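Here is a short note for a colleague who has not seen this structure before. Please read it with the model open.

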Amino acid sequence: MLYILDTADLAAIKHCNEFYPLAGVTTNPSIISKEGGDFWALVKEIRKIIGKDKMLHVQTVQTTAEKMVEEAKLLKKELGGDFYVKIPIGEEGLKATMELKKLGIGVTMTAIFTPAQALIAAKAGASFVAPYVNRLDNIIGDGTEVVAQIVEQLENYNLDCQVLAASFKNAEQVHKCALYGCHTVTVSADILKNIISHPMTDAAIAGFEKDWAGAYGDKTILDM
Ligand code: G3P
């Protein structure tokens with residue numbers, strides 16, 4: 001399973017890109033708006049931090065297929081590298097996805113809430129489908145079960161499309177997605193930190209440090 005960071009916060013991107021096995025960054029209009037300022041400067045800085053080889057997903061703000069394709073081409077030209085345009089599911093979005101498939105521009109079909117939406121997005125040629133896990137959990141929709149069903153459908157029909165699960169509130173939702181064979185998750189920096197944290201781990205490390213210091217003081221293996 002790949003881990004992506006769901007933010008446009010440059011400090012968080014720099015930190016997580018250095019300390020975690022990050023596969024890229026996802027954004028959406030809400031995430032971009034939270035940072036504000038110059039759009040192109042922001043997304044180009046994200047590309048600079050993560051490099052050309054990691055995925056960058058940026059969402060179109062257009063509402064017609066024609067304009068979505070035009071905006072996707074511009075985003076791809078300006079941002080280059082491993083780029084995906086995010087397009088919300090809908091008739092215009094599906095039409096744009098089919099055209100972008102022919103042009104070789106990857107699409108992440110987003111705002112997915114049902115396996116049926118995901119299946120038709122995959123058939124239209126989306127490279128990724130992005131179900132919103134926590135927003136489903138908020139309405140007792142069982143977001144991780146929806147992820148499991150989407151994974152199963154894509155495998156049953158041998159479709160060249162991956163699940164990029166989004167909208168997480170906690171590490172347990174991410175863990176369940178991993179158990180269900182989800183290909184990719186996009187999460188906050190806080191959730192990444194929660195995934196690696198455990199009080200028993202802290203206690204184990206404290207024990208190692210205490211025992212070592214008792215025998216060797218301040219010396220490390222580098223001083224031996
Ligand atoms: O990528 C979509 C995701 O950012 C939505 O998350 O937390 O707004 O439900 P949230």
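1. Basis. This is a predicted model, in which local features need pLDDT of at least 70 and side-chain atom pairs count only at pLDDT 80 or more, while totals for chains, interfaces and linings use all residues. Residues are numbered from 1 along each chain as its sequence is written, and side-chain values use heavy atoms, with hydrogens and water left out.

2. Overall build. The chain has 11 helices and 8 strands; these are DSSP runs, helices being H or I with at least four residues and strands E with at least two, numbered from the N terminus. The C-alpha trace spans about 70 × 40 × 30 Å along its principal axes. Of the 224 residues, 43% count as buried (buried is under 20% relative accessible area, exposed over 50%, partly exposed in between, with a 1.4 Å probe and protein chains only).

3. The ligand sits in the largest pocket. A pocket here is an open set of points on a 1 Å grid over the protein atoms alone, where a 1.4 Å probe fits, with protein on both sides within 12 Å along at least five of seven lines; a molecule sits in it if more than half of its atoms lie within 2 Å of its grid points.

4. Ligand shell. Around the ligand are Asp6, Asn28, Ile31, Lys86, Tyr132, Arg135, Ala166 and Ser167, each with a heavy atom within 4 Å of it. By class the shell holds 3 nonpolar, 2 polar and 3 charged residues. In this scheme Ala, Val, Leu, Ile, Met, Phe, Trp, Tyr, Cys and Pro are nonpolar, Asp, Glu, Lys and Arg are charged, and the others, Gly among them, are polar.

5. Oxygen atoms of the ligand lie 2.6 Å from a side-chain N or O atom of Asp6, 3.3 Å from a polar side-chain atom of Asn28 and 3.5 Å from a side-chain N or O atom of Lys86. Taken alone the ligand exposes 300 Å², and the protein buries 74% of that (Shrake-Rupley method, 1.4 Å probe).

6. Positive phi. Most residues other than glycine have a negative phi. Ser167 has a positive phi of about 60°; its place is the loop between β7 (162-165) and α9 (171-179). Ser167 is buried, with a relative accessible area of 17%. Ala111 has a positive phi near 60° and belongs to strand β5. Ala111 counts as partly exposed because its relative accessibility is 23%.

7. Strand β5. Thr108 is also found in strand β5 (residues 106-112). With 1% relative accessibility, Thr108 counts as buried. Its C-alpha atom is separated by 8.6 Å from that of Gln59, 49 residues apart along the chain.

8. A loop residue. Is Asp38 buried or exposed? Asp38, in the loop between α2 (29-35) and α3 (39-50), counts as exposed at 52% relative accessibility. The side chain of Asp38 reaches the backbone nitrogen of Trp40 at 2.9 Å.

Note on methods:
A polar contact is a pair of N or O atoms within 3.5 Å; within protein, one must be able to donate a hydrogen and the other to accept it, and residues adjacent in sequence count only if both atoms are side-chain atoms. On a 1 Å grid over the protein atoms alone, a cavity is a set of points where a 1.4 Å probe fits but cannot get out, and a pocket is an open set with protein on both sides within 12 Å along at least five of seven lines; lining residues have an atom within 4 Å of a point.
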